[in-house]
Structures are given as structure tokens and as C-alpha cells.
Amino acid sequence: MATPESSEDDVAHQVEPKSMYFANDAMPQAQEVRPVRTRESTVIDPSKVKRDEYVMDTNNSSIVSKRSVEKLYFGGEPEYFRYFVSKFKRRSPLINRGYWLRMKAVDDPLPWLYLGKHPGLCQNTTFVDVDYPTLMHNKLGIVDKTEELKVLLPKLTKTNADSGLLASSDPYVAVGCDLYNVEILGHILQDHLRIGDSSVAVLLVSEVSTAYMERGAAQRVLGWAATLSDVRFCLLEQHLPDGASHPFAETMLAHFEKLKTPLTAVGTMPEMKRRFADAGWPDAGIDIRSLWELWSDPTFLTAEQRRTLDKVEAFDEWEEFALFASHYFLLLAERKADQDWSYRPYRASLAGSTSRLSLSSSPGTADSPVPDVPQEQPLQCPELPGKHVSRRFAALVPATSEISEGEAVGLLGGYGAQERLTDCDTFSRTEDLLPIQGPPMRTGIMCHTVTRLGATSNCIMTGGRTSPDKATAECWIRSDGMWRRAQSLPEGRYRHCAVPLKLPTAPRPGHTVLLFGGKTSEGHVLDEWLLWMGESGWRTINVAGDAPPARFGAAMITDSREGVSGVLIGGMTSAGRVLNDFWHWHLEADMTLHCRNVTARASAVLRTNASILGRFGAQLVRTNRGILMIGGICGGRILTSQDEILNMKTLRTHPVHGKRPLFIGASITDVDGGIIVLGGGANCFSFGTYWNKPSILTDDPEASLKCGWHLLTTQRPESGMAQSWDVPDRSFQPPQQYQQPNGHIGQGPSDLRLPEPTRIPRRSLSQGVDFEPVVNEGKPVVFSDGDIGPCTTMWSNSYLKEAIGVDRKVVVHSTQNETMDFKNKNFNYATQDLGAFLDNCASGAKLYLRSLSRNAPSDQPTNLADDYPEIAADFELPGELIYVVENLHSSPLRISGPVTMWLHYDVMANVLCQVRGRKRLLLYPPSDVSHLGFDAGASSSSVDVFNVAPAMRKHLVNTHPYEAILEPGDILFIPPMWVHTAAPTEGMSVAVNIFFRNLQQNTYAAGRDVYGNRDLGAYERGRKDIDRIVKSFDNLPADVSGFYLERLANELLEKARAVAQTSQLHTMYAELS
């Protein structure tokens, strides 16, 4: 069969008259597994049996990810993974891109992909599928039920054996065998296919399989394969390019340990090459490269191929992608008598072009990570004591006073544990400083810049993004400690460079900002130089001579603290390649920028280690050691602890000894006491998230204890202006209710007919959904066919009690009524043991739990992961709803018996994920609020719309109700301000309710909002304005006051109606986002 990048002509050269393609890549279980007895051994090791089961489980996640890539990135082509996945689940862009690269490196060993897509390549070829007997039986069961698969395997015959040879057809053989029994596998293949004959050419493909095996057993597989006369071995697997202590490797290894599938045979690429050589493979026939090296090689992927991926999904997780790809390798080994190793054109895509460094000298694969390069003094990075806030891709903010310079620094915005942040951390070495505050941004952002203006505390914030396709052009300037809007950039951008300049203007020097490059919402990469001209806004600067190509994520710094010249290094092209160049620039008096490419000079000093110069996402930090370039990623290889810090003065590296942070998304600056490293971390693919703790980069291991730096406070924008404000109780009292025996909206004795509810539309997530336009439209939708995790089957009462603990205390609503009434408080708050609460709900008690924050129930919103970590992993949102996670406010757990929730609205948008039981909901658009009995300033009503009282009918006839019945697994999107209530239709109900922000950040009321239903700041201020207006008429006669107040009220009502007629109130809210 062809190697991943071979052409048909190459295949003709490679394949002998008869060839065999071996695959070892398990399919997941699409139905219940029947017990299968194996006959490989008469002695069964129970621990190994259990370990094998865990290994088989890892395939479920892998095949779901490949199905996500197949559906999104290979549109229009036949889809075969779909038959092995019960439900489509869209993975995150990072995981999709990682699996796309895996599938590009190794065309997946699923025979139908070749038989169905490339039948011409399959002449005289037999596909041999080898896996655990259990998984092979499951795969064959799926084939039996799927005509699209059976038709490609003519005359498929099963043997009815428990293991060994399970089925065969003309192009396909299925073998159920544990690779620990490789001798038995060899006998089966020799008996059935004469695999040892010299006329048979064999290609073995193993994708993340042997790493789970004990090293001795894995080595026996390699040795057995080397006994074949004409054989190629293609292996894709994990490796440790910077050892097990690298933060990504540490997270990856811990993930597999947690799954009880440790990577026992994992090592480095040189070790793996030696293992193949020790097993009998000729050294000249072994090529090995990391996936990141393949991504960076234009002979493997063209620029257009890379750009095409961005058209499928906007992408900006480049550092995380590089870390993943750097920890996986592709190895191709071949062994054949009389092989001419000088002629291997079909291997060019793996071996690389002739311009590539040889494997013996490549820093990415040699035993020594930094060959031939002298080093500077080693550094250590001890962690600072005390608490911290997890955030990455934030921006440093100078202290609010020149007096505090060197004593404090702020860290603004960035991506936090669950959402993009608007708040600002203040780090200080003293306690008596004012907190550093950020501007009142509409929403949290990341990948922005904050640049200091001269020696003052004034600074300017530019650009940034929310999602990768939503860059902002906003700029904010802080002058004399106060933030205000500055002139916007010509176009939104993120990952741009910004440095301070001091212009020699008269009568006094001018402090300004020079900005270069970045990426726009549409994915355009910029080569634009802009200079901030104060009140005049931004001016485009012309470049004389050579101009640096367009890039984003570059590093830039001035030669001196106050000057008009500096350097620009690295960055990334629109095609996703890291630029390895070095530019010097100088701004002339006529505002022309002169640029000079000095890459050759620097490369000559670095010699074979020149690849560490050009980086993406690095930082240039001015220190007493000179300017240091720290962190980021480079093209083709991973930066290690030996070369991640480069001294730009000497072009020598500072190795980092001991535990070190992940220099990705971190913010680094020189302060009194050392070089402080704040924030940073990364999503380590699907293995978990690694967060840095604040640390000091120094040559003194005790520096973190001596320097005194710590997190002083975390401050939200304008939080100092926040006030607590209680909503007064009003006098609206609904009349006595009239209860209908059928439990539906009451018809009552009146002739007034109530409107029939409109069924809320349903949309299937299996078809793919762009959620953000749904949010912007501002209408409810029920999403079905989405995978919210195993909670829908696992969260029984017995499981919840065992997982959380029967003695866990919970505060619940307890009532004797069918419907709870928040205004009249016809319920009590009761503290119960979780076990008793669940038992009581199951027995029909009218109880209701809305979870609260475990540590600060009055101050902080609840979060399922923090407050119920024992069960949080059982629940997850489908990938299509990533917008919810990015803008998360809270995620309360809701459990109730047969009791109806009171009518209310939420200011936050939310999705209600039904886990267990059925629930009926009635919703009303915001324009109906005046008909539903809400007191002024109240977000809850006493009206029971399920059992309408006669006197309320005249109010409800003009409403526009919507209805939904939620089944387990359904997800209801409830837009902000939509009035709603819910009632279980049977037994208990269990749900997870996730609130998220979809409006501009500064529209929400400042201060606490534990439940996500505090009214918007404009409404709260407006009610105070009304009180002031009324008070202004106090000195007038009552009839005069009433006359004018009524006129004002009518004016306000007319304006409200005009707004409703032009855009509808709920649409207006959506457009604010």
C-alpha cells in the first residue's frame, strides 16, 4: 500500500505482485459487547485482562474524534467512520486539527477508506485487521449490519472462532489476537496468507498501540516484523522530546495513568530508532520525524493545504497544537534484501528535502537537545507562595502610580479556567497599594497588548479577540489612573506587536506606540505598521527598503527603553508556518520606517541551533542580563528546557533547571526581585489543561521566598463603583387562582380563550449547528441528538449518593404546594443530607435543589466542576455549544420532585440540559412581561400559568406562549429576558443549567450576581432616575405633578413601543452582544 504522501506512480514502484496491509487500530464498541473467550493462553492474568479492557476503552474517544474530522474536513467524500460511532460529536478545533494531522500522516488503517475511495490502489492487496478479539467481534458485528461496509468485502466468511482467524474475504482478513502473543499471530498469518513468502510485500501500520505494551513485549513485535522478507513498518505514537518533566508530557502521562493505561513503552525518537535497529531493521531504512516537523515541512503539506483548514474552523491554538504535534512521531522502517537505500522517492515526504538538517544533527531528534551551542548561566523558576488566578494570554499593566513602579504589576484579561476574563490581578511585594484596574470592556478578551507611555503610569490597550474570528479594534487609554476609550484601530486584530517609542519632538518629547502585524477576524494576516498619534488616532507608517512579510504572533522590542529603533523576530504566516527571521527597524524623523533583515548574521552564530531564533508567541523581556527571548514555539521542533530562553545579547541559551512553568500564554517582566512569570498554561490536547503558578525566573532557588511578590487582589472593571441595592417589595397581588383538573393552561368559566402555546422548534446537533447566530436571533430552540456525556445513564439516585456522598449537606426548597411562589415564599429553605433528599424526591416529596457555591454561596455563582467535582466529568456540553463555555457565568445542578417552578426571567442567557426525567416548560417573549404580573424591579411573578386563575385570564389572552417537552439529553436554549417556568411531567427531574453572558460586559450590573438574574445596570440606574424625577415634582400641587408624570410615563411607553416595533426587545438584547 502507499505511504501517506505517495502518488500512484510511487505505489507502482513500491508494491510487489502481492501485498498485504496490516492495521492495528481498534474500533470502538457501537453496541453491547458479548463475552469472548481467548485461546492464546491457558493461564489468564487478571491484572492484564483488566488493563486490556482499559486500553480498549481509549479507542472510543479516538474514533469519535476521527469521525468529527471526517464530517467537517472531508465533506463530499464517502464517510466510513460514521458507522462505528453511535452519535456525531463535534470536537474542539484543537482536537480536530490534531486528528486531521494524525490522519494526514497515516491514512487511517480502516480498509474501507481505501477500498471505497481508492479501489485502483488496492489491486492484489489484502487488508489484514489485527486487534483484541473482543473488538474484532464488535467490528464484524457492525459490518454485518451495514450494507455500505459489506458491499466492499465480497464473499466475507466468518469462522465462528472466538479468537485467531475470525473472518476473511478477497481483500480483507480479520484476526482477533493479543499482540503479546505475536508468535501465534505469525503462525495464523503464515497458515492463511503465506506471509513469509518472498513474493509478498507487507506494510504494517500501528497507530498508538505498542506504547501501551510492556517494552519487552513491544520489542518482540518489532523483532517478529523484521523477520519478514519484504516489509515496511509505519508507526505513529507518542514520545517525550523533552523528557517526562515537560509540562505537556507530565499532563499526558498523568492522563493515561488516570485511565489505567500507562504509556509503558514511550521514550524518545532516538530511543525508538535504536529499538528498531536492535530488532533487526537496517539503520539506513529507518526514518522518524515528529508530526510538528511534518507540519512545518512544505514537501509534506503545501501552504494552500494549511490555509484550507482555516476555512473549516477558525483556529488560534497554535502553541497547543505544536505541543501536541511535537509529542507524536511518525516512523517508517523498511527491510528488504538487496534494497538500494539511495533511491526512495516515495519516502521523500517523510525523509524530508535535502535542505533539511540530517537526523544526526537535528536538535529535535539528537540525544543532546542543544548541540554545539555554548550556554549562559542556568536559571531556576521557583513558584511564588500564596493563591493565584488561572489565566493565559493576558496582558501586563503597569502600576497606577510612578511611585509604585517596581512594586506592583497588573495582569489584565486573558482566558481563564472557563471563560475570557475582564478582571485584573494585582501582584505586589507590599500590602498598602491600590488595586490595578482594567478598562470597562464589553467582554473578556485575550491576545491583546498594553503598552506603557514613557516613564509615567499612563498606558494604552489595543486590540485582542474573543473567539479567533472575532477580533476587536477597540483601544483604551489610561491617563492619570482613569481609563477612557481611545481612537479605534483601522481594523480589529490580535496577536499583534506593540512597543513604546519616544519621539524627539519639540518642545518636549512625544511618547507614543508603534504597532505591527496581527490577524483579523476574517483570518487575514497583516503587514501594516501603525503609529498612535494621540487624539488624531492611528497613522499608517510607510516602510523604506525591505519590508518584513505579514505575520502574527511575532516578538518586538526597542533597542533601549526610550528610543525609535528595535528588532522584530519570528511570528507566523497565514499558512501556519513559523517564520525564522530577524529584522532590525528604525523610525526616521520623516516618519518613514527603515527595516533591515539580519537573519543571516544571527544564524551564523547559532549554527545548527538556528531554528530556535524564529518563534511564534515568544516574549522579549528587558533584564539586567540583557534582552531575553522566552517561550513560544519554533518551527519543526520543540523548545526544551535547554534552549527555551535565549539571550539576545550573546545569542546563547539559559537552561532552566528543576520544575519550570509552561512558557505558553505567560506574561513575563523584570521587576524588583527578579523576572516574574505570571499566568500561562495550555490545553494539553485531550489530556487536560496545565496551568502555571506565578513564579520568579532567577539563579537563586530561594528567590520566591525572599522577593515578597504575591497576588494582592483581583479587581473587576469599575467594581469600586458597585453598590448593593435591594429590590423593594411591591403591592401587586394576583387574584385567587382557578385550578384546572387537566393541569394545562386554564380555560376557566370566562369566555376569554387563552392562546395555544407554540411548540419550540427542535434542531439536531448531529447535523452541525452554528450556535452563536442562534443566540443572536434571541429565540428559544431545543437541541437534540447531542452528547452531554454518560450522565444521562449514570445519574441514578444510587450513583449520585455513592459518588457525592449520602452525608453531603444540601440546601433545598421544601413546600406543601404544587407550585412554588418566590414572592409569597410558600416554601421553606431546609438543609438535608443528600441521600435523604434524593430518597424523599423519589417518594414524591415536593422538594427542589438549585445548587449553590460550596465555599461562598452568597458571593459566588455555582460551578458544577467546583461544587460537585465527583460527578462533573460525567457531564459535558457538545462541541457546537463552545460559545456557552467561552462566556460561562455559572452551572447549577437542579434536582426536583413533583413541584413546579415559579414564573421568572433570567438576565443571563442559559441552556437547560435535561439529564433525567421529563420536564414541561412554558416560555414567554420579553414583550409579554407587562401581562404576566411582574412587580417593578422584580424578576419573579406569582402567576401560575399552568393553572390560570379566572381573574388573570384577561391579562394572559394577549401573551404569546411557547412550549417545550424536554427528554433526557435535550438541551433548551433560553434567551435572556424570556419569562419561563417548568414542571416535571413524571417523577424526579435532574438537569444541569448553564448560564452565560451574551451581552456587552458593561451592560451587566456591577457587583455580585450569584443567580444570573440581576437586572441590567441600565435598568437599575433607570429606576433610580425615576425616583429622582418623581421627587423633583414634590413641591408642586398633586394634580399638576400627576399631569406631568403621566405625560412623561406616556412618552417613555411610546419610545418602548417604537423600539419593540422596529427590532423586538429580545432581538435588541441579542444585537448588543
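This report walks through a predicted model, taking a sheet, a helix, some aromatic contacts and a few backbone details in turn.

**A four-stranded sheet**

Let us start with an open sheet whose four strands come in the order S12-S13-S15-S41, with antiparallel pairing. Strand S12 (395–398) and strand S41 (710–715) are the edge strands, and each of them pairs on one side only. From one strand to the next, the twist averages 30°.

On one side, S12 and S13 pair in the antiparallel sense over four bridges, and here Val-397 stands opposite Gly-410 in S13. S13 (residues 408–412) is also joined by five bridges to strand S15 (residues 424–428), and these two strands run antiparallel. In that pairing Gly-410 faces Thr-426 in S15, while Leu-412 stands opposite Cys-424 in S15.

How much of S13 is buried? Five of its five residues are buried, so S13 is largely enclosed by the rest of the structure. In a regular strand the side chains alternate between the two faces of the sheet. Both faces of S13 are covered: Ala-408, Gly-410 and Leu-412 are buried on one side, and Val-409 and Leu-411 are buried on the other.

Helix H7 (residues 182–193) has 12 residues, which at 1.5 Å a residue should span 16 Å; the C-alpha atoms at its ends are 16 Å apart, so the two values agree.

Which residues of H7 are buried? They are Val-182, Leu-185, Gly-186, Ile-188, Leu-189 and Leu-193. These residues cover an arc of only 165° around the axis, which puts them on the same side of H7. On the face of H7 turned away from the buried side you will find the exposed residues His-187 and Asp-191. Just after H7, Arg-194 takes a positive phi of about 55°.

**Aromatic pairs and charges over rings**

The model has 35 aromatic pairs. In one of them, the ring centres of Phe-827 and Tyr-829 are 5.4 Å apart and the planes meet at 85°, so this pair is edge-to-face. Phe-827 has a relative accessible area of 5%, so this residue is buried.

Phe-1033 and Tyr-1044 form a stacked pair, with 6.3 Å from centre to centre and 25° between the planes. This pair links distant parts of the chain, 11 residues apart: Phe-1033 is in the loop between helix H25 (1017–1032) and helix H26 (1038–1063), and Tyr-1044 is in helix H26.

Two lysines sit over phenylalanine rings, as the table shows.

| Charged residue | Ring | Distance to ring centre |
|---|---|---|
| Lys-71 | Phe-88 | 5.3 Å |
| Lys-117 | Phe-74 | 5.6 Å |

**Backbone details to look up**

Most residues other than glycine have a negative phi, and most peptide bonds are trans.

Arg-495 has a positive phi of about 55° although it is not a glycine. Where does Arg-495 lie? Its place is the loop between strand S19 (482–486) and strand S20 (497–503). With a relative accessible area of 8%, Arg-495 is buried.

Asp-785 is also a residue other than glycine with a positive phi, near 60°. Asp-785 lies in the loop between strand S44 (781–784) and helix H18 (791–794). Its relative accessible area is 35%, so Asp-785 is partly exposed.

**A spot on helix H10**

Finally, have a look at Ala-277, which is in helix H10 (residues 269–278). Ala-277 counts as partly exposed, at 29% relative accessibility.

Conventions: Residues are numbered from 1 along each chain as its sequence is written. This is a predicted model: local features need pLDDT of at least 70, side-chain atom pairs count only at pLDDT 80 or more; totals for chains, interfaces and linings use all residues. Side-chain values use heavy atoms; hydrogens and water are left out. Two strands pair if DSSP finds at least two bridges between them. Axes are lines fitted to C-alpha atoms, for helices over the stretch in contact, and angles run from 0 to 180 degrees between N-to-C directions. The expected span of a helix is 1.5 Å times one less than its number of residues. Buried means under 20% relative accessible area, exposed over 50%, partly exposed in between (1.4 Å probe, protein chains only). The arc is that of the directions from the helix axis to the C-beta atoms. Rings of Phe, Tyr and Trp (its six-membered ring) pair if their centres lie within 6.5 Å; planes under 30 degrees apart count as stacked, over 60 as edge-to-face and the rest as tilted. A charge sits over a ring if NZ of Lys or CZ of Arg is within 6 Å of the ring centre and within 35 degrees of the ring normal.
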